[in-house]
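Welcome, and thanks for opening the viewer. Let us walk through this model together, one selection at a time.

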Amino acid sequence: MTATGPALDLVALVRELVGRPTVSGDAIAQRDALGMLTDVLRERAPHLQVTGGGDRDHPWALLRTPADPDRRQLLLACHVDTVPATDPAAWQRAPFDADLEEGRVWGRGGSDMKAGVVAAVAALAAADPATPVALLLTSDEEIGSQGAAAAAAAVAELPVGAVVVPEATGNQVVLGHKGALWLAVRTAGRAAHGSTPERGHNAVLDLAALLARAGGTLPFRTDPFLGTETWNPGVVAGGTVPNVVPDRAEVVVDMRTVADGGDLLAWWRAQPEVADVEVRVDLPPVGTPADDPWVASLPAPALSTPATYFTDASVLVQVVGGAPIVVWGPGTPAVMHAVDEYVELAELEQAAAAFTDVVSRWGG
């Protein structure tokens with residue numbers, strides 16, 4: 001027996017999603033998208049139970065077959081938010097028009113990851129109601145997996161047997177990725193008139209000295225699969241006007257980690273110029289063995305290299321009790337977050353068929 005209801009139009013649904021601006025931080029737009037997807041899926045699979053929640057700022061939805069403690073559920077986990085479409089004039093096609101041309105749907109979020117959402121919805125819509133399967137829809141993944149963090153307690157209550165995160169991998173199976181540690185590092189000085197800088201203490205110069213030293217002395221580690229840790233000082237701010245010695249400065253640092261970030265955090269806090277360190281994001285790395293039996297059964301090749309980006313898997317790995325996790329979905333990694341983002345419809349159709357096959361063979 002399979003789920004009943006009107007057939008799912010993959011192209012129409014991905015165009016509907018891409019046409020909705022769901023930029024991270026816009027809780028209302030993301031909540032509306034979650035509601036639309038829930039309605040679409042429940043129309044075709046009315047047996048699914050729906051749990052929704054998250055605080056006002058980070059909504060999420062969990063749709064699942066009734067839990068059976070003796071059967072593990074296959075979890076597909078997707079986010080609905082996107083990065084902004086900066087400088088729309090630079091796009092050949094309007095970023096939220098969802099144009100259908102050249103076998104592609106064009107627009108922000110096509111690859112990251114609205115095509116993956118649609119493929120996952122298609123798999124659940126076609127599933128036998130007796131199959132133990134669940135779909136997690138989250139918000140604000142792009143700014144630190146905040147929606148997944150809000151949903152983590154609900155996921156922890158499920159007997160999860162395996163997880164698919166349908167991010168853009170060109171439909172190849174990816175076995176993990178680095179974690180992320182984002183820190184706001186601040187220096188403090190003493191203000192003075194710009195004409196008499198010797199009477200003050202320049203926090204910007206302290207920050208500059210700190211950043212010049214960091215690249216060569218941060219205690220980076222290397223993992224055989226994940227590679228070497230990295231850092232990027234992505235945002236720097238300090239001072240108010242040119243003729244005042246700045247008494248404060250801040251850098252937001254993005255570090256991609258292969259293990260617990262405690263040593264890196266301790267390094268920043270120990271530097272003499274540092275007045276304060278705030279942890280903005282702290283997500284662990286993810287890695288699934290290539291010889292895992294479920295991974296070996298998947299109808300797609302497993303890459304020998306990790307994803308370059310982090311995903312909601314960094315949250316889920318902490319609550320699914322050691323279940324294997326793969327990142328696997330339609331979309332082109334090179335166009336994620338880029339001008340003129342798109343998704344190939346052939347990849348979307350291939351992913352929907354592959355996910356449907358994996359769900360149909362899931363025994364729990």
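Start by selecting Asp-57, which is partly exposed at a relative accessible area of 41%. Here buried means under 20% relative accessible area, exposed means over 50%, and partly exposed is in between, using a 1.4 Å probe and protein chains only. Asp-57 and Arg-56 form a salt bridge, and their closest N and O atoms are 4.0 Å apart. A salt bridge is a side-chain nitrogen of Lys or Arg within 4 Å of a carboxyl oxygen of Asp or Glu.

A word on what you are looking at: this is a predicted model, in which local features need pLDDT of at least 70 and side-chain atom pairs count only at pLDDT 80 or more, while totals for chains, interfaces and linings use all residues. Residues are numbered from 1 along each chain as its sequence is written, and side-chain values use heavy atoms, with hydrogens and water left out.

How many salt bridges does the structure hold? The count is 17. For another one, select Glu-16 and Arg-20, whose closest N and O atoms are 2.8 Å apart. Glu-16 is partly exposed at 36% relative accessible area, and Arg-20 is partly exposed at 25%.

Next, pick Glu-278 and Arg-186, a salt bridge with its closest N and O atoms 2.5 Å apart. This pair links distant parts of the chain, with Glu-278 in strand 14 (residues 274–283) and Arg-186 in strand 9 (residues 179–188), 92 residues apart.

**The whole chain**

Zoom out and colour by secondary structure. The protein chain has 9 helices and 17 strands; helices (H or I, at least four residues) and strands (E, at least two) are DSSP runs, numbered from the N terminus. Turn the model around: along its principal axes, the C-alpha trace spans about 80 × 45 × 35 Å. Buried residues make up 53% of the 364 residues in the protein chain.

Colour by charge next. You will find 24 positive and 45 negative side chains, and the centres of the two sets lie 4 Å apart. Lys and Arg count as positive and Asp and Glu as negative, while His and the chain ends are not counted. The place of a charge is taken as NZ of Lys, CZ of Arg, CG of Asp or CD of Glu.

**Helix 4 and its cover**

Select residues 146–156, which are helix 4. Which of its residues are buried? They are Gly-147, Ala-148, Ala-151, Ala-152, Ala-154 and Val-155. Now show what covers them, including strand 2 (60–64), strand 3 (73–79), strand 6 (133–138), strand 7 (160–165) and helix 8 (313–316).

**A buried charge**

Move to helix 9 (residues 345–360) and select Glu-347. Glu-347 is buried yet has no salt bridge. The nearest side chain of opposite charge is Arg-104, 8.7 Å away. Leaving aside neighbours within four places in sequence, Glu-347 is in contact (heavy atoms within 4.5 Å) with Gly-170, Asn-171, Pro-330, Gly-331 and Thr-332.

**Two distances to draw**

First, find Thr-217 in helix 5 (residues 203–217). Draw a line from the C-alpha of Thr-217 to that of Gln-350: these residues are 133 residues apart in sequence and 46 Å apart in space.

Then go to Ala-85, in the loop between strand 3 and strand 4 (100–101). Is Ala-85 buried or exposed? Ala-85 is buried, with a relative accessible area of 13%. The C-alpha atoms of Ala-85 and Val-23 are separated by 8.5 Å, although the two are 62 residues apart along the chain. Beyond its neighbours within four places in sequence, Ala-85 is in contact with Trp-91, Pro-95, Phe-96 and Arg-108.

**Backbone stops**

Most residues other than glycine have a negative phi, and most peptide bonds are trans. With that in mind, select Asp-87, in the loop between strand 3 and strand 4: its phi is positive, near 50°. Glu-102, in the loop between strand 4 and strand 5 (104–106), also has a positive phi, of about 60°. Glu-102 counts as exposed at 60% relative accessibility.

Finish at Asp-112 and Met-113, which are joined by a cis peptide bond with omega about -15°. Met-113 lies in helix 3 (residues 110–125).
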